[in-house]
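I am opening a structure that is new to me. These are my notes on what I looked up.

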Amino acid sequence: MKSTRKIGLLLTLVFLLPALFFSVYEISSLDNDEKMIQEIYNKQLEAILFSVNQYSDDILGSWTSRIETNIEFPVTPDSIPKKVNDLLMFSASLQAIFISDSAQGSSSMSVFGKDEKFSAQARVVADSVLSMSRARIQQLLSYKRNGYQKVERVDVSMPGMSNLQCLVFILGNENQGYRVGGLFIDPELFIEEVVGPRLQTISRDQFVLFCFRQGVAEPIYSTSTETESPTAEALTKDFWLFPDYTLGIRSTGNTLQTLVRERTTVNLMLLVALDVILIIAVILVFRNLKREVDLAQNKSDFVSNVSHEIRTPLALISMFAETLELDRVPTEEKKREYYGIISKEAQRLSGIVNKILNFSQTEAKKKTLHIESLHLDTEINSILTTYDFHLRNKGFHYTFAGTESLWIMADREALTEMIINLIDNAMKYSEDKKQIEIATGREGQYGFVAVRDHGMGISAKDQKHIFDKFYRVSSGNLAKSRGTGLGLSLVKQLMEEQQGRITVNSEPGKGSRFTLFFLIERTQ
Ligand code: ADP
């Protein structure tokens with residue numbers, strides 16, 4: 001596996017995967033957290049409603065024990081103890097009290113109502129309660145015998161008083177005998193008078209508590225004056241005393257759900273942002289590492305390339321020098337040929353060494369360029385004149401299309417070196433079609449010189465790297481044309497120092513066009 005791929009995999013495994021797993025886990029648990037919080041919250045709301053119910057039961061319990069402790073037996077229909085009378089008078093919801101003279105069905109009734117007319121009506125109902133709910137009364141009696149006072153609602157139909165609820169309980173003891181007591185209560189008044197203040201104390205700006213009557217959309221009581229429908233996102237529970245009524249509760253302002261949802265959204269966004277940052281960081285680290293690894297790879301290729309480049313001329317030189325030394329050369333003509341080879345190879349050697357030195361000097365910015373105004377066509381013509389023999393010798397044809405009067409800002413030596421580099425490459429990487437076109441021209445504020453060949457071309461992928469130092473395209477018949485991978489990198493550096501740039505247009509199999517753009521002299 002390529003080492004960069006290994007690094008990529010390692011980075012993904014060490015940084016990205018744990019982070020992504022964590023994010024997925026967090027995202028899924030956020031939902032669970034939300035559910036859990038909601039559950040806990042609902043339990044609290046339930047507890048509040050439970051306490052309201054308990055409170056209502058306690059109040060009723062206090063009423064029944066007040067009646068039980070103050071009533072005197074035998075109960076006379078017309079006399080009512082003051083404390084019981086006060087209870088009747090001051091509790092708006094309590095409409096009537098009735099007490100039988102025994103716990104048996106045939107017993108007679110004493111009824112105390114808020115007014116005469118109501119007392120008469122209540123008596124009729126109370127009678128029917130006693131006869132109808134015998135089983136229920138027997139049960140309450142057995143509770144009472146065991147020391148437990150229970151108040152229970154009985155279903156009765158009361159003409160003209162449909163809203164009233166009847167609650168029965170047992171009072172008395174073994175010695176005095178047991179009696180059935182009953183209360184006629186208006187539930188809505190009870191809610192307003194007894195439950196309401198309690199709800200107000202509980203709500204304390206944090207909750208809205210309310211009470212509904214079955215089948216009625218608007219609450220009959222609410223601790224909030226807002227008109228919005230309180231049923232939205234509210235928790236409701238039955239009202240124990242009066243089954244036709246329901247208690248409800250919800251938090252004020254932001255509901256828990258919106259709070260949790262807001263928190264979830266913020267958390268999610270943070271997580272996503274974190275992941276994005278991490279992904280970007282991993283990509284950056286990967287890219288840097290890849291660059292380093294590629295550079296190291298290119299460097300080692302460079303060493304082997306250069307060694308090879310140097311070894312070949314050295315071998316030739318020593319071989320021909322030896323032959324000459326031993327005087328084994330038959331003719332003068334051959335001797336001259338050998339000398340020629342030795343000097344050509346020596347030139348090649350110094351060319352390579354110069355190139356490397358040049359590169360290292362340029363890279364270390366040790367070379368100061370002397371940028372001056374140059375007449376582009378004149379410079380190119382002079383370079384071509386010097387190179388003409390070399391080009392023709394290698395079987396190349398070249399054309400030059402110039403632009404008169406184009407003055408550029410450049411270093412003469414650097415310009416020559418760059419053009420020779422480009423022409424050398426065009427020669428090295430051309431195969432059958434040995435044709436090179438050189439052209440100069442103007443584009444905006446730049447003057448350019450382009451070198452075009454019809455050689456092997458460069459793939460788009462490689463085009464991105466050919467200006468990197470030590471980079472050589474590693475495919476095709478490159479072995480034939482050895483190089484250092486420094487030429488284009490050097491050209492690019494020199495161009496940057498002259499505030500110009502180099503571009504390449506190339507298509508594999510069709511050839512390449514390298515263009516150098518120089519700043520034009522200001523006066524033009
Ligand atoms: P080298 O010493 O290998 O020529 P360069 O830096 O000059 O180094 O070029 C880098 C690579 O770019 C070369 O190895 C070659 O593959 C590619 N290249 C440069 N010029 C041309 C060209 N004219 N045609 C095709 N490929 C080229």
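My entries cover the cores, the aromatic rings and the ligand.

**Ground rules.** I am working with a predicted model, where local features need pLDDT of at least 70, side-chain atom pairs count only at pLDDT 80 or more, and totals for chains, interfaces and linings use all residues. I number residues from 1 along each chain as its sequence is written, and side-chain values use heavy atoms, with hydrogens and water left out.

**Cores.** I looked for nonpolar cores, meaning sets of buried Ala, Val, Leu, Ile, Met, Phe, Trp, Tyr and Cys residues joined through side-chain atoms within 4.5 Å. Buried is under 20% relative accessible area, exposed is over 50%, and partly exposed is in between (1.4 Å probe, protein chains only). The largest core has 44 residues. Ile423, Ile466, Phe514, Leu516 and Phe518 have the most contacts inside it. Helix α9 (residues 412-428) gives the most to this core, with 8 residues. Helices here are DSSP runs of H or I, at least four residues, and strands are runs of E, at least two, numbered from the N terminus.

I then checked Ile466. Leaving out residues up to four places away in sequence, Ile466 touches Ile458, Tyr471, Val473, Leu488, Val504 and Phe514; contact means heavy atoms within 4.5 Å. Another core, of 40 residues, lies apart from the one above, and Ile67, Ile71, Ile97 and Tyr221 are among its members.

**Rings.** I counted 14 aromatic pairs. Rings of Phe, Tyr and Trp (its six-membered ring) pair if their centres lie within 6.5 Å; planes under 30 degrees apart are stacked, over 60 edge-to-face, the rest tilted. Phe50 and Trp240 are edge-to-face, because their centres are 5.0 Å apart and their planes stand at 80°. They sit 190 residues apart: Phe50 in helix α1 (residues 3-70), Trp240 in the loop between β8 (235-238) and β9 (245-251). Phe50 is partly exposed at 46%, and Trp240 is partly exposed at 39%.

Phe239 and Phe242 are also edge-to-face, with centres 5.5 Å apart and planes at 85°. Both of these phenylalanines are buried. Ring pairs join Phe239 and Phe242 with Trp63, Phe190 and Tyr245 in a cluster.

**Ligand.** Which residues come nearest to the ligand? I found Tyr429, Asp453, Arg472, Thr484 and Leu488, out of 20 residues around it; the cut-off is a heavy atom within 4 Å. I also noted polar contacts, pairs of N or O atoms within 3.5 Å. A ligand nitrogen is 2.8 Å from a side-chain N or O atom of Asp453. A ligand oxygen is 2.8 Å from a polar backbone atom of Thr484.

Conventions:
Polar contact = N/O pair within 3.5 Å; in protein donor to acceptor, adjacent residues only side chain to side chain.
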